[in-house]
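Biologist: Could you take me on a close look at one part of this model, the open sheet and the helices around it, with a stop at a helix that has a buried face? I would like one connected account.

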Amino acid sequence: QIVWKRCLDMNDRVLRNIVVGMGSKMDGVVREDHFVITVASEIMAILCLANDMHDLKDRLGRIIVAYNYAGEPVTAKDLNAVGAMAALLKDAIKPNMVQTLEHQPALVHGGPFANIAHGCNSVRATKMALKMADVVVTEAGFGADLGAEKFFDIKCRKADLHPDAVVLVATVRALKYNGGVAKDDLKEENLDALKKGIVNLEKHIENLHKFGVPIVVTLNSFITDTKAETDYIKEFVENLGCEFALSEVWEKGGKGGIELAEKVLKTLEEKPSDFHFLYPEEMTIEDKIKKIATEIYGAADVSYSPAARKELP
């Protein structure tokens, strides 16, 4: 059974599930096959966790490509494919520096999906940035539940990183939407809906507190936000022990982020980080899943379908 999927950077969903091997014997055995896009490939996640070429080769070698007739895994190392794979990635492993519209340096390197991988840029890019600057900002995508948890528990653990602060981004519009406001009405002030929806932000703050890192909450400001709405959110998050800053980069570019930058620097100077993981690495897979599901996502318990339980080690 071949389980390794083909990869093609084209957003054509019909290629997710296909049949190959049709035609002559030279075309192989007729079987079901699949395509994924680059960011969904296991190799993207591996590239972003690798410390160096040696580490990359070790990780590539452990990829399970197929299972033999005895049900035993067949890896890329078993197929002697690691050298060729590494050769194709010899330049891709190098962090890529770009320039913003306001001429600021930024490292853009890697991007595995957070819903199926860990959702962070490469370890190499982050470590390079830490050698080049006093303060490094990196993104953990897909929210402060999925993205932040994986950044802390996977990337920081594997790369021995110790974050000093978290910037949690929210918008008035999203919080009102969480409070039940229709999309067409989000431009109108609605403090009642904001009070209902802000529990979403409260849960994200609660989650981040579990990791012991100081939090700066910033509102990605839009011109339709009102002072009453902004003031309510500011008071709410400060009562939860967080710093607050308004980010107006949407309207003013880099100048609109000065307040946020100053608040982050103030937090770094005045609030020490007591960073720790949500769970120990030696915990079983089932216990890790339950810990994340109950403490981060608010589940009461975890149950498994027969197919899912079969996948557990």
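Modeller: Happy to! A residue is called buried when its relative accessible area is under 20%, and exposed when that area is over 50%. Please keep in mind that this is a predicted model.

With that cut-off, the buried residues of helix H4 (residues 123-132) are Val123, Ala125, Thr126 and Ala129. Viewed down the axis of H4, these buried residues fall within an arc of 165 degrees, so they line one face of the helix. Lys131 and Met132, on the other side of H4, are exposed. The cover over the buried residues of H4 includes helix H1 (42-49), strand S8 (105-107) and helix H5 (143-159).

Now to the sheet. Strands of a sheet pair through backbone hydrogen bonds, in either a parallel or an antiparallel manner. Here three strands make up an open sheet, ordered S9-S10-S11, and the pairing is parallel. The edges are taken by strand S9 (166-170) and strand S11 (243-247); each has a single partner strand, so one side of each is left without a neighbour in the sheet. From one strand to the next, the twist averages 25 degrees. Between S9 and strand S10 (residues 215-220), the parallel pairing extends over five bridges, and Leu168 stands opposite Val217 in S10.

Helices pack against this sheet. H7 touches S9 and S10, and its direction makes about 170 degrees with that of S9. Helix H10 (residues 258-270) lies across S9, S10 and S11, and runs at about 160 degrees to S11.

H7 also has a helix partner. The axes of helix H7 (residues 191-209) and helix H8 (residues 227-238) come within 11 Å and cross at roughly 35 degrees, and the crossing is right-handed. On the H7 side, the contact is made by Leu191, Leu194, Lys195, Ile198, Leu201, Glu202 and Ile205; H8 contributes Ala228, Glu229, Tyr232, Ile233, Phe236 and Val237.

One last stop, if you like single residues: Thr75 lies in strand S6 (residues 73-75). Its relative accessible area is 15%, so Thr75 counts as buried. Setting aside neighbours within four places in sequence, Thr75 is in contact with Gly61, Arg62, Ile63, Ile64 and Val65.

Technical notes: Residues numbered from 1 in each chain as written. Predicted model: local features only at pLDDT ≥ 70, side-chain atom pairs only at ≥ 80, totals over all residues. Heavy atoms only, no water. Helix = DSSP H or I, 4+ residues; strand = E, 2+ residues; numbered from the N terminus. Buried < 20%, exposed > 50% of the residue type's maximum accessible area, 1.4 Å probe, protein only. Contact = heavy atoms within 4.5 Å. Axes fitted to C-alpha atoms, helices over the stretch in contact; angles between N-to-C directions. Left-handed = near helix turned anticlockwise from the far one by under 90°. Arc of directions from axis to C-beta. Pairing = 2+ DSSP bridges.
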